[in-house]
Amino acid sequence: MDRREFLRQVALWSAGLSVSVPHFRIGAALAAESQPSLLASATGKDYQELVDRVLGPLGGMGKFVRRGDKVVVKPNIGWDRNPGQAANTHPQVVRALVEQALDAGAGEVLVFDRTCNEERRCYVNSGMEDALAGIKDNRLKFFHPDERKYVPVDIERGKAVSRLEIYRDALEADSYINVPVAKHHGLSRLTLGLKNSMGVLGGNRGAMHHNLGQKLADLATVIRPRLTVIDATRILLNNGPQGGDLGDVRVLDTLVASVDPVAADAYATTLFGLKPEEIESTVAAYGMGLGEMDLTKIRIIKA
Amino acid sequence: MNNKKRIPAYYWRRASQLVCLALFFFLFIRTDYSGRDKIEYAVNILFRIDPLLALSASVAAGFFIVLMLPAVVTLLLTLILGRFFCGWFCPMGTLLDGCHTMASPQGQGRERRYRSLKFYLLGFLLVGAWFGLPLAGYVDPFSILVRSLALAVDPALNALATTFFTFTYQQAPAWVNGLTEPLYTFLKATILPFNQKYYDLTVLSLVILLVVFLLERLERRFFCRNVCPLGALLAVTARFSLLRGRAGAKCGNCRNCRDVCRMGAIDEERNISPLDCNLCLDCIHHCPGNKISFQFSGIHKNRPTFALSRRSFVGSLALGAALPFFLKSRTLARQADPLLIRPPGALPEEEFIGRCVRCGECMKVCIGNGLQPAFLQGGLEGMFSPILKARTGYCEYNCTLCGQVCPSGAIRKLALKEKKKEKIGNACFDRNRCLPYAKGIPCMVCEEHCPTPDKAIKFREVVVENSRGEKVSVKQPYLVDELCVGCGICETKCPLPGVSAVIVTSAGESRNPAQALPDTGNTGYP
């Protein structure tokens, strides 16, 4: 099943022309990349510049966004919390990534998240609305997900979940850039890149929590970011994923970027003093061959 | 307001009606989160200029509610102008006028039989409010209108639009979508609500509104002439009004004025009763001899009588005084319904229900879709008052909108800081259903969503035997009463089908000390 065929299925299903649920199988070649995973980490106060710096070792934005691409930049905007409270991705980081994608010649850049608190409050209080309003480019589309555009997808390689409703734009994106914020989470200990992909799911997402680690890995077989940038400019150490108490926030001024979503999560885990093996989704995704979690096998570059 | 040569006088009245109606719809749509924590328009002004609600709520409260001061202006203007409010302003009246073609041809109706009904109703409502049975909001025209629009019409309109545009999105060719999608975007940005809301009592709300409209079949403005207690209060005031219509002495007895009068205010001798006349000015236009004029005159000696039956009027007052005592012997009087969870800032129940005008503004504005009209949870007299139904929606932690739109202060306007300290209920877990307890399955969605900075829902990690007999380690949630504000997001988001495994009740609500929870020794709010 190649990507083109998959997109055709999504289009047919959306248009009501097909009742068979789209399904997507990743080729073995894609899953078993032999090169060591490359990961960049950078620290600095100027987040605009920091984004530039952390992408440097990976080849810059041009490596991930080609002219005319449909780009999805997927931050975490899940909570009605302000930027200082570390519950959502920092708006300046998102803004910088969007600008870079636009500069790289993207056909359009879509930014959205399915929120947990009321949609508009999250978009406003996360600072995202203000930050993105500053970009005057009609290729940028910052919107609330449209209920009509969730497409059921059969997760062929799924071990714990066989079907999920996924937002159409996320499936159709040429370049999907995942921009989670690194923070504490009661059930999974941390929420990082793989967990952030839940923002493109429709339906009853709470059911994901029953065997969350494996289900996130299953989701990762379909939602495959070309680039993961983990926002650790400030991290939430407790009372996550929502926070609200500034005493639980630690400022690290750090960004982590990698093509390998598992490697990005594995490395970001160490920022909390934890080991990659302690995060179930990392272990499960590694087990499915979706990426590297062994820090000794990841080429880590301090940019 | 005199008889202009070129522009007929009633044009001004129509213009006023249309402007007021447009303003009404504008404020209705703006009764929503706008991207700021504060509502920018006085969206509740309609209810604050309503003297019936102001009087009823004040009588129930035992003092004048300052928030409703604008209602005094309405009464003062009525003292001068008569029932202009009904003819020139009232959006319900305008909508009724708009569909007057519904009225049957013979329906000009000079039937006076029901005319006094509204006065009996007014007496009953005010006496009832005093003795503890506040029902004005049931029949107030603004309450009926806004409530029905908010609970029934608006959500239905959105459902219709969604259905239509989903159909075009899925089935129509691309060129059709090129037209419909921008239209949908435009409608969403303007008149449609931000998202689909779901309400209890939708059909009942709609039926009440429809009945008001269907009564037009009997005669024009049937509701205004015979039922509307606000109209009754204005009529009582208009009895002393200075602006009066009068027909000239010599007229040809054509009776055009009587036929055209939408309020049935003109009698056989062409006297225009200020109790009924709503100054629509149609009669001026239809009088072939230009005999009718509206003029200010001094204090009137001969005031029109109400033509009430003393026995009926006293009876309705007695009913208003007696009925409340039947409420005191219900089980509800002894034990409040634990699911009667009031919005944050709600006054203690008796004061709350006295002041609540059942306008539906708080339910319209509730962005979590948590506030629902009560059915019988608060007794018959509590119908349409707001309660939090946490399975449908929840109280957004950082939101204070309901207190901002409440026109009578039944829900106090709270600063965010105060609101966060307001406990409206308490969550409790049903361990027979909650997955980590009952099945050994990990879940913790409730804990994830719990919004207090120090989470009220915490967990213990324990080893249990799951339903397959395996020993597994799971996190089991528990509640810290002192931290829980009763927002209900845990109940809304509980991923179990059907009944939630975590349920919020009014136990521990801060407005009622009698509901205090046992002291657990936790320090509570930091």
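**View 1. A three-stranded open sheet in chain A of this predicted model.** The strands (DSSP runs of E, at least two residues, numbered from the N terminus) follow the order S1-S6-S7, and their pairing, which asks for at least two DSSP bridges between two strands, is mixed. Strand S1 (23-24) and strand S7 (163-167) of chain A each have a single partner strand and stand at the edges, so one side of each has no neighbour in the sheet. Residues are numbered from 1 along each chain as its sequence is written, with chains lettered from A and ligands numbered from 1 in the order written. Local features here need pLDDT of at least 70 and side-chain atom pairs 80 or more, while totals for chains, interfaces and linings use all residues.

**View 2. Strands S6 and S7 of chain A, side by side in the sheet.** S6(A), residues 150-155, runs antiparallel to S7(A), and five bridges join the two. Look for Val153(A), whose bridge partner in S7(A) is Leu164(A).

**View 3. The contacts of Leu255(A).** Neighbours within four places in sequence are set aside; contact means C-beta atoms, placed from the backbone, within 7 Å. The partners of Leu255(A) include Ala42(A), Leu50(A), Val93(A), Ile230(A) and Asp231(A).

**View 4. Where chain B meets chain A.** Here 29 residues of chain B are in contact with 25 residues of chain A. Helices H9 (141-171) and H23 (445-449) of chain B (helices being DSSP runs of H or I, at least four residues) each supply at least two residues of the side that touches chain A.

**View 5. The two domains of chain B.** Domain 1 (1-328) and domain 2 (423-526), with bounds from an automatic or database assignment, have C-alpha centres 47 Å apart.

Notes
Contact = placed C-beta atoms within 7 Å.
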